[in-house]
Amino acid sequence: MNEMTITLAQYVAEDGVNQTIKATIDGTEMFVPLDPANRHYTEIMRQVEAGELVIAEAE
Amino acid sequence: MSRARDFADLAGSSSNISTVAADSSTLDQVATSYGAGGITGKNLIINGALTVSQRGVDINSLGETVYSADRFRTRTYGGNGRFDYDQVTDVVPSSTFKYAAKYTVSTAATDVGSFGYSVQQVIEGHNIAQLRIGRSDAKPFTISFWARSSVSGTYSSGVATNSGDISFVTEFTLVANTWEYISYTVPAYTTSVPTNLNETNGNGLFFTVIGLASQTSKETSTLDAWQSGNFAFSSNQTNFMSATTRTVHITGVQLEVGSQATPFEHRSYGDELARCQRYFYKTDQGAAGGAQGVTSYGPFPFPVTMRAAPSWNNTTGRGASSTYTTHCYFSYNGSYWVLGVDATFDAEL
């Protein structure tokens, strides 16, 4: 059971370094920091590890 | 337990009592002030009077772990029932409270038993460290709140530590459309420190203010005692979620150290808002600068240090850069830029 519905996840980079993840979470576009204390980041990574979500590379 | 003892808990030591009492003329005066909620800081619940509602005062179709009034969220555990939330002034328990949170069943649940439903607040680990959970000097604490339901029956309330290592569940009865003052004391837990106990900036204590329908796997008949495992509902829990338009109201939510419920601690709006902004901040008056076509950075400070680096979105501009607990940077990086900010920052638990 997913706590959040997450789609369209993609890294956003600056100077070639990933800074945030842009994702649509429960219908809202969010920019999520790469912080393990952030609940959105935790859920994104949980879904990635479960094979339920793929984060696209930065453009 | 006496007010003097509660005051002693608050003051921290007997020597402090005499100091404070001397400043206030007499201990009786201090105790009277405490009893009237005149000493601040006793309530570990944030936004207990439902005064702050940054996300809106009318939010529809709330599902799993969706926040409504600041710091309060609904739980559906993945079930198909949904709530509408309103911050209301017309149905409150007394003139002491200006606001209450009203939750209305907007979609009836057809999966009760497989999934549970409740209204919850998660208390940050830093704020429960004083409870000394699991140690020999652990403290009891007392929870109190006002509740009103359109459905008579038995409802649940309780707490669980991080990862549901241990939990405490109680039950209470509501008569339809009648405010009830609920209070119960959670005894000190001295057995051992729960494996995943968080006393920093994570999930300290999951507080189920009111259970609204039970999930079998989280249901217990062991009431009014700590037990191992993640339980949230009494086995006598009423199924409130079986029909739409049912309503439940809550306000005056308090959790305080000690074995006695004392009058609700009213805090100033500014104080309460600042506490809420540690977890969620909304602005429509931001002004982070940026220019299309060049690399530029616009630091945007937050009004208070947030619990964690927040997620954010904005509706009037575009931007993406680093966020920290104290500020974020908007930057132009060839793809995004921002001139104005109408943004939310979310560092909720």
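Visitor: Leaving aside neighbours within four places in sequence, which residues is Ile133(B) in contact with?
Guide: In this predicted model, Ile133(B) touches Ile128(B), Ala138(B), Thr161(B), Ile166(B), Tyr189(B), Val193(B), Pro194(B), Leu197(B) and Leu205(B). Contact means heavy atoms within 4.5 Å.

Visitor: Where is Ile133(B) found?
Guide: Ile133(B) is in the loop between helix H4 (125-128) and strand E7 (141-149) of chain B. Helices (H or I, at least four residues) and strands (E, at least two) are DSSP runs, numbered from the N terminus.

Visitor: Is Ile133(B) buried or exposed?
Guide: Ile133(B) counts as buried, because its relative accessibility is 3%. Buried means under 20% relative accessible area, exposed over 50%, and partly exposed in between, with a 1.4 Å probe and protein chains only.

Visitor: Before I go on, what are the ground rules?
Guide: The model is predicted, so local features need pLDDT of at least 70 and side-chain atom pairs count only at pLDDT 80 or more, while totals for chains, interfaces and linings use all residues. Residues are numbered from 1 along each chain as its sequence is written, chains are lettered from A and ligands numbered from 1 in the order in which they are written, and side-chain values use heavy atoms, with hydrogens and water left out.

Visitor: Thanks. How many helices and strands does chain B have?
Guide: Chain B has five helices and 20 strands. Of its 349 residues, 55% count as buried. For contacts in chain B with a separation of 6 or more, 73% come from residues 24 or more positions apart.

Visitor: Which residues have the most contacts inside the largest nonpolar core?
Guide: Those are Phe72(B), Tyr103(B), Ile210(B) and Leu212(B), in a core of 50 residues. Strand E11 (residues 203-213) of chain B gives the largest share, six residues. Apart from that core lies another of 13 residues, including Ile25(A) and Val32(A). A nonpolar core here is a set of buried Ala, Val, Leu, Ile, Met, Phe, Trp, Tyr and Cys residues joined through side-chain atoms within 4.5 Å.

Visitor: Switching to rings: how many aromatic pairs are there over all chains?
Guide: The count is 18. Rings of Phe, Tyr and Trp (its six-membered ring) pair if their centres lie within 6.5 Å; planes under 30 degrees apart are stacked, over 60 edge-to-face, and the rest tilted. Phe83(B) and Tyr117(B) are edge-to-face, 6.4 Å centre to centre with 65° between the planes.

Visitor: Why does that pair tie together parts that are 34 residues apart in sequence?
Guide: Because Phe83(B) lies in strand E4 (residues 82-88) of chain B and Tyr117(B) in strand E6 (residues 117-124) of chain B. Both Phe83(B) and Tyr117(B) are buried. There is also a stacked pair, Phe168(B) and Tyr184(B), 6.0 Å centre to centre and 10° between the planes. Phe168(B) is buried with a relative accessible area of 1%, and Tyr184(B) is buried with 8%.

Visitor: Which residues do ring pairs link into a cluster?
Guide: Phe31(A), Tyr281(B), Phe302(B), Trp312(B) and Phe345(B).

Visitor: And which charged end sits over the ring of Tyr77(B)?
Guide: That of Arg75(B), 4.1 Å from the ring centre. Arg71(B) lies over the face of Tyr279(B), 3.8 Å from the ring centre. The rule is NZ of Lys or CZ of Arg within 6 Å of the ring centre and within 35 degrees of the ring normal.
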